[in-house]
Every structure is written in structure tokens, then in C-alpha cells.
Amino acid sequence: MKFSLLHATRILKAGWKNIYMHKLRSLLTILGIVFGVASVISMLAIGEGASFEAREKIKELGSHNVIVKTVKPPAEATSQQNVTLASYGLTPQDLMKIETIPSVEKIVPTWEDKMDVWYMEKNLPIRLVGTYPEYPAVMNLEITKGRFFTYIDYKLAHPYVIIGSSVANQLFPLEDPVGKEVRIGVNYFTVLGVASERAIVSGVGFEAEDINFDVYMPLTTQRMYYGEYSVGEKGGGIRSSDMSWVRYHRFIIKVSETEKIVTTAAIVEDTLSSSHKKPDYEILVPLQLLKQAEHTTRIFNIVLGAIAAISLIVGGIGIMNIMLATVTERTREIGIRRALGAKRKDIINQFLVEAIILSAIGGVIGVFLGVSIPAIVTKFADMVTIVTYWSIIIAFGISVAIGITFGIYPARKAAWLDPIEALRHE
Amino acid sequence: MEAIIKLENIVKTYQLGDIQIPVLKDISLEIERGIHMSLMGPSGSGKTTMLNILGCLDTPTSGRYILEDTEVSSLDDDRLSDIRSRKIGFIFQSYNLIQHLTVIENIGLPLFYQGIDERIVNEKSYEMAGIVGLKERIRHKPTELSGGQQQRVAIARALINNPTFILADEPTGNLDTKTGKEIMELLANLNQQGTTLFVITHDSKIADYGRSVVRILDGEIVRES
């Protein structure tokens with residue numbers, strides 16, 4: 001028999017007709033495939049989203065960086081005073097020691113405090129960051145308007161600030177912020193530039209922080225206007241206010257080569273542990289965090305993948321089940337077709353095409369569902385999800401493959417029926 | 001007249017456990033082109049087995065079956081299917097129409113498996129529906145037709161591939177006498193126009209329509225007339 005496109009279309013049409021005849025049954029049959037395909041796509045979208053977040057976070061922290069943060073040590077039980085002056089964290093001595101490590105290319109310290117920034121009658125809570133002019137370089141921070149402060153601004157302690165994109169948007173919705181004066185506390189500063197918008201990332205293993213609300217100024221300026229003390233927001237009035245004296249809040253250490261990141265982190269740890277008796281610092285290695293995040297994502301993917309696989313297999317069994325029922329139901333029809341000249345191959349085609357149509361319809365519905373679920377997850381669970389086109393192709397391909405795999409047995413069973421027996425079947 | 005079918009010493013034995021059941025014992029028969037032959041015998045005489053072998057649905061245990069120039073007895077399943085689709089028209093007692101297909105689709109079914117263009121199939125099916133007088137009913141489903149009409153559809157279906165011969169198995173078995181007579185007259189009429197007809201029946205009235213009657217009993221041909 002010659003095989004033509006026309007003939008294939010007729011087989012497809014006949015298959016579709018049979019499926020359409022049993023609409024409800026067909027719909028129930030494909031549910032397994034629908035959920036299987038949907039879960040494959042959503043799983044990949046959520047996994048992809050998580051690793052995207054991790055990559056973004058690394059970009060934000062700098063993949064070549066080791067970050068040392070000041071943390072408040074646990075309060076000592078002996079301290080009974082209401083007003084305390086806690087002194088802790090990273091010191092200029094630490095800075096000098098770390099600078100001498102050969103693999104350290106650059107070290108940028110910061111001093112940070114939560115404050116309010118004012119422009120006209122508008123105000124906004126921000127994080128003030130006093131730092132070095134190299135900060136944008138090590139943190140991959142881009143300046144969209146104006147410029148960052150320079151070494152000279154730093155040396156002369158100019159009253160300049162660079163504001164994050166959200167600060168710019170909220171304080172200057174209609175104006176160009178560059179050159180405007182803003183007030184922080186009781187002091188006025190000139191806006192020198194605006195930093196580009198950065199994704200808010202809350203991936204596995206990281207704390208969420210929105211650096212779009214940062215305001216940067218030279219460390220010298222910051223020291224001049226605000227010193228090194230900060231008042232904690234403990235509440236309970238002045239008597240229980242919690243003052244702290246912190247020299248630096250963060251060191252951003254840029255390492256010369258990727259291979260040396262982990263070793264450098266270990267050396268930094270060694271250096272700091274000898275002079276810090278209290279655990280008042282924390283070392284973050286973005287690269288290691290990335291690996292951790294990738295590991296977590298992988299486990300997540302395996303678990304979800306297993307669920308999706310089970311769902312698809314169950315879907316396939318559903319199709320096989322219904323196809324076997326169809327074969328039994330249509331035994332006489334098979335006998336008639338065989339008597340009228342259908343070859344075994346024709347019967348196989350007929351039933352296989354039906355199984356494939358079923359699973360492909362399931363696949364298409366599953367794709368739609370699989371694209372919608374991540375969107376819903378993003379909306380309600382505030383997670384980044386990314387539906388990649390190849391995940392759709394894979395999922396749809398799997399659904400068709402399932403149709404073939406689980407359709408072949410019933411189809412063969414139909415084809416190998418004895419036509420004489422089949423004709424006699426009631 | 002040339003013989004289009006030659007059966008030579010056909011034997012068919014069924015194996016039932018350890019017991020061999022001979023159903024056809026040494027049958028030799030020639031069927032000529034254009035003839036209307038009836039095969040008559042009581043139930044259990046081997047009529048159905050004869051039908052299966054003649055219809056290329058089954059192969060004999062031994063013996064030769066030559067259909068036109070083809071030795072059919074040793075062909076594989078695909079070749080047998082091919083012969084069924086090109087050379088044989090089947091008419092069954094219970095019509096054997098496919099219930100979810102329309103009349104015209106049922107009529108065209110044998111051509112479907114020859115891979116013929118749908119448009120040509122439809123034209124031809126329509127023509128066949130005309131021959132059996134069902135032109136008005138081509139869009140109906142078999143369940144919407146009477147028994148006699150269903151059998152007419154089956155006849156049209158048997159004719160569409162222009163077969164070497166038509167094999168009818170109790171064509172009137174499910175019909176009342178009057179309708180049965182109409183069907184037999186239709187078949188006889190087709191035979192007049194040159195269609196070779198082989199009718200299997202247990203009813204002597206039906207057998208008598210044939211120009212030649214073969215009687216079978218216990219797997220052997222007892223009389224040819």
C-alpha cells in the first residue's frame with residue numbers, strides 16, 4: 001500500500017473521530033498526561049527560576065568576592081545595664097591584615113546604617129553606605145545617571161551621595177535627581193549619580209535585601225558627619241536604647257583568581273579568628289553559596305522530576321488501559337476491517353494513532369497548564385520562575401513518546417487478533 | 001468457462017488439545033467465472049471453514065487453493081490481506097457494518113486499505129449506493145437502517161473493489177422472507193451482469209437461486225449439481 005500524506009490525514013481523521021465519540025472518557029484518560037506534562041514544565045520553570053535567582057545574587061555579591069560581615073555577638077548575660085555601648089565587628093587592623101594577603105586584589109570596607117532621606121517634604125527609609133570609590137567596580141554596580149564619587153571626592157570628604165534606583169524613583173518621580181540636595185539626618189548632600197536597578201533576590205541560602213534603597217557616600221564623608229556609632233532601634237525609650245560602636249560593617253574582598261577564592265576565604269577566617277574573641281563576624285563566599293544553591297536546586301529537581309515521572313507513567317497506564325478497553329470493545333470492527341483487507345500494520349496504525357492523539361492532546365493541555373502554574377506561583381509565592389522553550393518541547397515530546405510506548409501494546413494486541421475469531425465476537 | 005478458483009485436495013484439521021479434529025476432508029472444487037454457486041450443508045458440516053478458506057481468512061492444513069493465478073494456500077498474512085482487499089467481496093449474515101461510520105464510509109472501506117484517494121473512493125461509493133438503491137441514505141448510520149437496507153450496504157461494500165468473486169455467508173439469515181427474497185434477487189441480478197457469486201447457506205430455497213449447488217456433509221462434498 002502506498003503511503004501518502006492524504007492517507008495519513010485520513011487515519012488521523014478517523015482516530016480523532018473515535019476519540020471525539022467518547023469525549024468524557026477521552027478527557028478523563030488524558031488527565032494523567034495533562035498533569036504529568038504540566039508538572040514537568042512547572043518543575044523546570046521553578047528550578048530554572050531558583051538557579052536564575054542564585055546567579056543573580058552571585059552577580060550582586062560578585063562572583064570573585066569574599067564578603068566579611070559584622071554580626072552582633074550574642075548579648076552577654078552579665079550585662080545588666082540599660083544603656084550599653086557595645087563595641088564589636090571589623091576593625092581597621094583587620095582591614096590592614098587582610099590587605100596583605102597576596103591573593104587579595106582589592107578590599108573595600110563599608111559602614112552602614114538605617115536612616116531616613118528627605119527631599120522637600122518627602123522622606124524615605126534607606127540604608128546609608130559609606131565606602132570607597134572602588135565599590136561599584138567590585139560589586140558590579142552600574143551608574144545610570146551622573147557618576148560615582150571619585151578618589152578625590154573621597155580624599156576631600158565631599159558631601160556627595162549616589163542614590164539607588166528606588167530612592168530616585170520615589171523621591172524624584174518627575175525630576176532629574178542629579179545635582180539636587182537631599183537631607184539625611186540633619187545634613188544636606190548633593191546627589192551625584194543614580195545606580196542602576198538591581199533585581200531583588202531571595203534565593204536559597206541568601207537573605208533578601210533590596211539594594212535599590214541604598215544611598216552611597218564616601219567613607220570619609222560618612223565618618224565626618226555620622227561617626228562610628230549607631231543607635232539601635234530596640235524601642236523602650238532612651239534608657240534601654242542600644243548603642244553600638246562598629247568600625248566597619250562589611251569588607252568586600254575581591255580575589256584575583258577564581259581558584260583562589262576558597263583558600264582566600266580560609267586565610268581571612270584564620271586572620272580574623274586570632275584577633276576576634278567573640279564571634280562578631282561572618283564570612284560569605286558567593287561562589288560556595290552558588291554551589292549550595294545549585295545542590296539544593298538539583299535535589300529539588302530530582303524530587304519534582306520523580307513526581308512528574310510517576311504522574312506521566314500513571315498517565316501512560318491510563319491510556320493503555322483505555323486503549324485495551326477500546327480494543328476489546330471494537331474487536332468485531334477489527335475483524336470486519338481485517339476481512340475487508342486491512343493489514344496488521346493498518347490496525348496497528350489505527351490504534352497507535354488514537355493513543356498518540358490522546359497523549360498529544362493531553363500534552364497540549366498540559367503545556368498550557370504548565371505555563372500557567374509558574375505564573376501563578378510567581379504571583380502568589382513571590383518566586384522567580386522561568387519557562388524555557390526547551391522544557392515545553394521536552395514535555396510535549398515525552399507525552400507523545402508515552403502515547404507510543406503505552407499505545408503499542410494494545411495496538412499490537414488488536415492487530416494480532418484472529419480475524420475469524422474477531423468477526424464472531426459479539 | 002475458465003475456472004477462477006481451484007481447490008485441490010483441501011484438508012483442514014483443527015488441533016484441540018491432543019485431539020485432531022478434521023473439519024474438511026479432501027475437498028476439490030472448481031468455480032468458474034460468472035457462475036452463481038451455492039454451497040449447502042447443515043451446521044457443523046464445514047461450511048464456515050470453507051468460507052474462511054475461500055475468503056483467505058484462513059489457510060488449509062494441506063492442499064492447494066489457486067485464486068486466478070495465485071497460489072493462496074501458502075501466503076503470509078500481509079499478502080492474504082491484500083488478496084482480500086482486491087479480489088474478494090464479503091457479505092455476512094449479520095451485515096458486519098461498522099456502526100459509527102456512515103453508509104458511504106462503510107461502502108468505501110475496502111478501498112481505504114488500498115490507499116486510494118478519498119475523492120475517488122467517495123465517487124465510487126456513491127455509485128455503488130446507487131446500484132443497491134440507497135442513494136438517499138448515504139449519510140445515515142447503519143443503526144438508522146432496516147436489516148434489508150443494511151445488507152444492501154454490505155452488498156455495495158462487497159462490490160466496490162470490483163472483486164473476482166463475492167462470498168456470501170447466509171446473506172438472508174437475519175432477514176424476513178420477503179426482504180430475503182429481495183436481497184437474493186439483487187444478488188441474482190448482479191450475477192446476471194457478470195459478478196461471480198458463491199453463496200453459503202443451509203437453506204435450500206436460497207441455494208436454489210444458484211445455477212450450481214454443492215452439498216457438503218461432514219467435511220466432504222457429497223453432491224455437485
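How many residues does H2(A) have, and how far does H2(A) reach from its first C-alpha to its last? With 39 residues, H2(A) covers 55 Å, close to the 57 Å expected at 1.5 Å a residue (the expected span being 1.5 Å times one less than the number of residues). Helices here are DSSP runs of H or I with at least four residues, numbered from the N terminus.

A quick word on the model: it is predicted, with local features needing pLDDT of at least 70 and side-chain atom pairs counting only at pLDDT 80 or more, while totals for chains, interfaces and linings use all residues. Residues are numbered from 1 along each chain as its sequence is written, and chains are lettered from A and ligands numbered from 1 in the order in which they are written.

Back to H2(A), residues 23–61 of chain A. This helix has a kink of about 35 degrees centred on Ile30(A), where a bend is the angle between axes fitted to the seven residues ending at a residue and the seven starting there. After H2(A) comes Gly62(A), with a positive phi near 90 degrees. H2(A) also packs on H11(A) at about 40 degrees, the axes lying 6 Å apart (axes are lines fitted to C-alpha atoms over the stretch in contact, and angles run from 0 to 180 degrees between N-to-C directions). That makes H2(A) oblique to H11(A); angles under 35 degrees count as roughly parallel, over 145 as roughly antiparallel, 65 to 115 as roughly perpendicular and the rest as oblique. The crossing is right-handed, meaning that the near helix is turned clockwise from the far one by less than a right angle. The contact residues of this pair divide into 18 nonpolar, nine polar and no charged. Ala, Val, Leu, Ile, Met, Phe, Trp, Tyr, Cys and Pro count as nonpolar, Asp, Glu, Lys and Arg as charged, and the others, Gly among them, as polar.

Helix H12(A), residues 389–415, should span 39 Å for its 27 residues, and its end C-alpha atoms agree at 38 Å apart. H12(A) bends by about 40 degrees at Gly407(A), and Pro410(A) follows within four residues.

In chain B, the axes of H3(B) (103–112) and H4(B) (118–131) come within 9 Å and cross at roughly 120 degrees. H3(B) is therefore oblique to H4(B). Residues in contact, with C-beta atoms placed from the backbone within 7 Å, include Ile107(B) and Leu111(B) of H3(B) and Tyr126(B) and Met128(B) of H4(B). That contact divides into nine nonpolar, three polar and one charged.

How values were computed. Helices (H or I, at least four residues) and strands (E, at least two) are DSSP runs, numbered from the N terminus. Two residues are in contact if their C-beta atoms, placed from the backbone, lie within 7 Å.
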